[in-house]
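Open the model in your viewer and keep the sequence panel beside it. This tour goes from selection to selection, with a short note at each stop.

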Amino acid sequence: MTGRLNRAQPYAIGLFRIVVGLLFSCHGAMSLFGAFGGVDGKGGTAATGAWPNWYAAVIELVGGSLVLLGLGTRIAALIASGAMAYAYFKVHQPEGLWPIENSGEGAAMYCWAMFLLIFTGSGAFGLDRLFAKRSGTQRRTAPDQTPVTA
């Protein structure tokens, strides 16, 4: 059983990356373009150039799209994770200690999900791997060859 799960790990990471990237980019599209009801539920958007909302939305849309595609996953995830940590500690945490109290569950979950992708990489189905194979510069590293175990 463990052997099968270990062989499937790159695919599970790839699917995880796709879902997290899609949801993160949808959040950015909501804030920038008023998609999915917008920031106010009526199609409202973040004011252009407004700190930190507009900048966070750009990071969410661009970073989420890159993570979704698996293109520059580790760098995009690093920036996205940092943005969500900032959002949590600057916006949510002053309202209460626990994420459930301060409505910061989303920021905390995105922060930790993106943080995980910094270390796991894009997994299967990512453009990072496709481009590395085409250029012939894909290096086999220990994490690619050995599954992550606890």
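Begin with Phe125: select this residue in the loop between helix H5 (105-120) and helix H6 (127-135). Keep in mind throughout that the model is predicted. Is Phe125 buried or exposed? Phe125 is exposed, because its relative accessible area is 51%, and the cut-off for exposed is over 50%. Now check the backbone here. Phi of Phe125 is near 70°, a positive value in a residue other than glycine. Most residues other than glycine have a negative phi.

Together with Phe125, Tyr11 and Leu15 make a nonpolar surface patch of about 340 Å².

**The whole chain**

Zoom out and colour by secondary structure. The protein chain has seven helices and zero strands. Read along the sequence, the pattern is α-α-α-α-α-α-α. The C-alpha trace spans about 45 × 35 × 20 Å along its principal axes. Colour by accessibility next: 33% of the 150 residues count as buried.

**Helix H1**

Select residues 2-33, which form helix H1.

Then go to Gln9. A kink of about 45° lies at this residue in H1, shortly before the proline Pro10. Now step past the other end of H1. Gly34 follows the helix, and its phi is positive, near 75°.

**From H1 to H2**

Move on to Gly41, in the loop between H1 and H2. Gly41 is exposed, because its relative accessible area is 57%. Draw a C-alpha to C-alpha distance from Gly41 to Met30. The two are 9.5 Å apart in space and 11 residues apart in sequence.

What kind of peptide bond joins Trp51 and Pro52? The bond is cis, with omega about -5°. Most peptide bonds are trans. Pro52 is found in the loop between H1 and helix H2 (53-69).

**Ser103**

Jump to the loop between helix H4 (99-102) and H5, and select Ser103. Its phi is near 60°, again positive in a residue other than glycine. Ser103 counts as exposed, because its relative accessibility is 54%.

**The cysteines**

A disulfide is a covalent bond between the sulfur atoms of two cysteines. How many disulfides are there? The count comes to zero. The cut-off is 2.5 Å between sulfur atoms.

Finish by comparing their surroundings. Cys26 is partly exposed, with a relative accessible area of 26%. Cys111 counts as buried, because its relative accessibility is 13% and buried means under 20%.

Methods:
Residues are numbered from 1 along each chain as its sequence is written. This is a predicted model: local features need pLDDT of at least 70, side-chain atom pairs count only at pLDDT 80 or more; totals for chains, interfaces and linings use all residues. Side-chain values use heavy atoms; hydrogens and water are left out. Patches are made of residues with over 30% relative accessible area and no salt bridge: like charges are joined within 9 Å, nonpolar side chains (Val, Leu, Ile, Met, Phe, Trp, Tyr) within 5 Å. Accessible areas come from the Shrake-Rupley method with a 1.4 Å probe; for residues, only the protein chains shown count as cover. A salt bridge is a side-chain nitrogen of Lys or Arg within 4 Å of a carboxyl oxygen of Asp or Glu. Helices (H or I, at least four residues) and strands (E, at least two) are DSSP runs, numbered from the N terminus. Buried means under 20% relative accessible area, exposed over 50%, partly exposed in between (1.4 Å probe, protein chains only). The expected span of a helix is 1.5 Å times one less than its number of residues. The bend at a residue is the angle between axes fitted to the seven residues ending there and the seven starting there.
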